[in-house]
Amino acid sequence: MQHFSLAIIGSGSGNVVVPEDPARGPVAIIEAGAFGGTCINRGCIPSKMLVYTADVAAGVRRAPEFGIGAALTEVDWPAIRDRIFARVDRISADGRRARAESGQVTLFEGHARFAGPRELVIDGTNPVSRITADRIVLATGATPVVPPVIAGSGVEFYTSDTIMRIDELPARMVIVGGGYVGTEFAHVFSALGVDIRLVNRGPALLENFDPVISGRFTALARQRWDVRLSATITGVRRRGGEVVVVLADGTTVTGDLLLVAAGRRPDTGDLGLDLAGVRLRDDGRIQVDSCGRTTAEGVWSLGDASSPFELKHVANAEARVVAHNLSCPDDLRTFRHDWVPSAVFTDPQIATVGARLQDLAGKKPYVEAVQAYSGTAYGWALQDTSGICKLYADPATGKLLGAHILGYQASLLIQPLVQAASLGQRVAELARGQYWIHPALSEVVENALLKLPLDAALRRVGG
């Protein structure tokens with residue numbers, strides 16, 4: 001039986017944990033799928049490459065609004081798909097090759113499960129491998145959730161794992177789910193000419209966001225797509241060449257392809273964790289402390305398998321913490337989850353960090369301000385009528401409590417607000433302690449900061 005200093009299950013953010021110093025001992029990486037994990041192969045990277053392509057198509061459609069004679073005459077889906085995955089697959093293959101040829105790392109391609117404390121069985125290898133390790137890192141990620149009514153229907157469906165590699169675009173697509181994944185793919189495929197029908201069990205799309213953002217986005221989405229809210233699916237069937245989704249109110253939604261975007265769950269169900277003494281939380285996440293340690297000695301976890309934030313930038317940050325803690329056990333660092341930003345690359349983009357109205361109302365004093373894109377010079381250039389920046393601040397300290405942006409390049413505009421909140425910078429220092437380029441779109445953020453109704457003493461720079 002081979003023994004390793006460190007064994008890592010999962011080659012996504014887990015790949016970051018491999019120590020740079022070969023003297024720290026042999027390392028095993030076990031990967032059951034494509035090397036590099038979800039983000040590079042079937043998640044955020046190829047999907048954002050698709051989003052940019054969709055943005056180009058949407059821009060062509062809007063060109064006549066700016067006096068430009070243009071029309072979208074063709075969408076070559078195979079060319080779009082092949083361009084994206086030629087790069088993605090090459091990056092994955094190069095990463096695999098680098099690790100497989102490393103003298104420090106042994107790459108096992110198969111499914112790992114515990115056979116006992118710090119002992120693993122790896123199925124899929126020939127013969128089946130058994131290894132032990134001084135320390136084990138669980139970085140198995142998450143997997144799409146498929147509601148039983150769909151999974152048991154016998155009807156073909158796609159998830160975010162498979163939808164980006166389809167052979168051809170359907171004329172009509174039914175999307176189940178109104179969160180990050182559903183709204184991003186709704187934008188992608190509608191911009192490329194697909195008729196979108198979106199079914200959501202909640203009363204609004206992106207309902208976990210600030211209600212102003214969620215409500216405004218839902219209203220915009222209903223202008224573009226057939227959106228069914230507060231909908232319960234009672235059945236799914238094929239009728240000829242189409243998919244029929246039956247709702248509890250007796251109505252049906254039909255399409256040529258069914259995409260299930262009903263959330264994700266930690267991929268922790270078949271790891272034999274009980275044999276290792278690793279406990280799970282009620283939602284299936286691996287239980288870890290603030291340093292990434294599980295309930296079993298020598299076993300650590302990071303990313304979607306254990307984190308409350310299913311975000312690649314959080315997984316990478318947690319991987320850096322775990323890598324440090326494995327190397328410096330007498331100088332442990334902790335995960336930072338206090339100011340975690342996120343973005344939805346739909347149309348319009350949405351970005352958020354910190355407290356929402358539902359976190360503050362009746363619980364904590366706050367002041368708020370809203371700045372519309374349409375009230376800035378660059379907003380005029382964009383002819384924007386829907387974009388906003390909404391901020392919350394603490395009236396006692398003059399510091400940000402939360403920031404929420406809906407509109408063009410929201411994912412970029414949020415970053416100075418993330419930095420200010422993370423570093424404890426006051427609103428006055430951020431708004432007037434630096435130059436804001438005129439007439440850049442960042443003036444949306446500047447003006448929102450200046451609108452916050454704070455006391456005069458808190459509005460002084462250096463006060």
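Okay, ground rules before the tour. What we have is a predicted model, where local features need pLDDT of at least 70 and side-chain atom pairs count only at pLDDT 80 or more, while totals for chains, interfaces and linings use all residues. Residues are numbered from 1 along each chain as its sequence is written, and side-chain values use heavy atoms, with hydrogens and water left out.

Let's start inside. When I say nonpolar core, I mean a set of buried Ala, Val, Leu, Ile, Met, Phe, Trp, Tyr and Cys residues joined through side-chain atoms within 4.5 Å. Buried is under 20% relative accessible area, exposed is over 50%, and partly exposed is in between, using a 1.4 Å probe and protein chains only. As a general point, nonpolar side chains in soluble globular proteins tend to be buried together.

So which residues touch the most other members of the largest nonpolar core? They are Val17, Ile30, Ile131, Ile136, Val137 and Leu138, out of 42 residues in that core.

Take Ile131 as an example. Contact here means heavy atoms within 4.5 Å. Skipping neighbours within four places in sequence, Ile131 is in contact with a list of residues that includes Met1, Phe4, Ile30, Phe108, Arg118 and Leu120.

You'll find Arg118 in the loop between strand 4 (111-116) and strand 5 (119-123); helices (H or I, at least four residues) and strands (E, at least two) are DSSP runs, numbered from the N terminus. Arg118 is partly exposed, at 31% relative accessible area.

Ser230 is another non-glycine with a positive phi, near 50°. Ser230 sits in the loop between strand 10 (226-228) and strand 11 (233-239), and with a relative accessible area of 51% it is exposed.

Now, cysteines. A disulfide is a covalent bond between the sulfur atoms of two cysteines. For the search, the cut-off is a pair of cysteine sulfur atoms within 2.5 Å. How many disulfides turn up in the whole structure? The search finds 1. The bond joins Cys39 to Cys44, with 2.1 Å from S to S, and the link is left-handed, at -125° about the S-S bond. Cys39 is buried at 12% relative accessible area, whereas Cys44 is partly exposed at 26%.

And Cys328? That one is in no disulfide, and the nearest cysteine sulfur, from Cys291, is 12 Å away. Cys328 is partly exposed, at 29% relative accessibility.

On to the second largest pocket. A word on method: on a 1 Å grid over the protein atoms alone, a pocket is an open set of points where a 1.4 Å probe fits, with protein on both sides within 12 Å along at least five of seven lines, and lining residues have an atom within 4 Å of a point. Grid points are joined across faces, edges and corners, and the volume is the space filled by probe spheres set on the points.

The second largest pocket comes out at about 1100 Å³. It has 32 lining residues, and the closest to its centre are Ala58, Arg62, Asp347, Pro348 and Tyr408. The elements giving two or more residues to that lining are helix 2 (44-62), helix 5 (180-191) and helix 6 (211-224). Which element gives the largest share? Helix 2, with 9 residues. By type, the lining has 13 nonpolar, 11 polar and 8 charged residues. In that count Ala, Val, Leu, Ile, Met, Phe, Trp, Tyr, Cys and Pro are nonpolar, Asp, Glu, Lys and Arg are charged, and the others, Gly among them, are polar.

Two of those central names, Asp347 and Pro348, are joined by a cis peptide bond, with omega near 0°. Pro348 is in the loop between strand 17 (342-344) and strand 18 (350-354). There's also a cis peptide bond from His438 to Pro439, with omega near 5°, and Pro439 is in the loop between helix 13 (427-432) and helix 14 (443-451).

Last stop, Ser386. It lies in the loop between helix 10 (377-382) and strand 20 (388-393). Ser386 is buried, at 16% relative accessibility.
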